[in-house]
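User: I am new to this structure. Please take me through it in short questions and answers.
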Amino acid sequence: MSTAPSTSGGRRVLILAHTGRDEASKVAAEFARAMVSEGIAVRVVSEDAPALERWGLPDAEIVPVEPAAGRGCELAVVFGGDGTLLRAAELVRECGTPLVGVNLGHVGFLAEADVDDLDHTVRKFTREGDLLMTLGTAG
């Protein structure tokens with residue numbers, strides 16, 4: 001795992017997960033592997049990294065949990081419930097990184113993508129650059 005911020009100009013995605021739920025960590029690690037296989041760099045915050053590593057997180061840039069965590073990322077993908085999505089929104093608010101929440105089968109009012117459609121979500125993002133939902137600051 002890399003702890004230094006990446007300086008390459010390639011595509012990069014920030015992945016955040018509800019690490020208290022094994023399913024969220026597992027699906028997040030699977031998504032990370034799919035991103036890497038498509039040539040997209042993966043970034044995770046330091047508090048999420050150990051849980052994702054248990055499920056096979058590929059080489060990822062590990063950054064501190066701070067408002068700059070999403071800087072330089074094209075998208076932040078969040079695996080968990082509404083609370084995790086709100087935590088992620090606060091984390092990337094200053095840098096304006098768009099979010100997409102992945103619903104893991106529980107009631108989630110803010111999640112836009114469904115875990116059953118994750119392959120479709122990967123395809124839309126990696127090949128078409130389609131952002132499913134953006135949350136940002138007003139103004």
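User: Which residues does threonine 84 touch, not counting residues up to four places away in sequence?

Analyst: First, a caution: this is a predicted model, where local features need pLDDT of at least 70, side-chain atom pairs count only at pLDDT 80 or more, and totals for chains, interfaces and linings use all residues. Residues are numbered from 1 along each chain as its sequence is written, and side-chain values use heavy atoms, leaving out hydrogens and water. Threonine 84 lies in helix 3 (residues 82–92). With contact meaning heavy atoms within 4.5 Å, threonine 84 touches Ala17, His18, Val78 and Phe79.

User: Is threonine 84 buried or exposed?

Analyst: Buried means under 20% relative accessible area, exposed over 50%, and partly exposed in between, using a 1.4 Å probe and protein chains only. The relative accessible area of threonine 84 is 6%, so this residue is buried.

User: How many helices and strands does the chain have?

Analyst: Helices are DSSP runs of H or I with at least four residues, strands are runs of E with at least two, and both are numbered from the N terminus. From that end, the order is β-α-β-α-β-β-α-β-β-α. The totals are 4 helices and 6 strands.

User: How far apart are the end C-alpha atoms of helix 1?

Analyst: Helix 1 covers residues 22–37, which makes 16 residues. The expected span is 1.5 Å times one less than the number of residues.

User: Which residues of helix 1 are buried?

Analyst: An α-helix has 3.6 residues a turn, so residues three or four places apart point the same way. In helix 1, the buried residues are Ala24, Ser25, Val27, Ala28, Ala29, Phe31, Ala32 and Met35.

User: In what sense do strand 1 and strand 2 pair?

Analyst: Two strands pair if DSSP finds at least two bridges between them. Strand 1 (residues 12–17) and strand 2 have 4 bridges. The sense is parallel.

User: How many residues of strand 2 are buried?

Analyst: Strand 2 spans residues 41–45. The rest of the structure largely encloses this strand, because the buried count is 4 of the 5 residues.

User: What is the bridge partner of valine 45 in strand 3?

Analyst: Strand 2 and strand 3 pair in the parallel sense over 3 bridges. In strand 3, the partner of valine 45 is valine 63.
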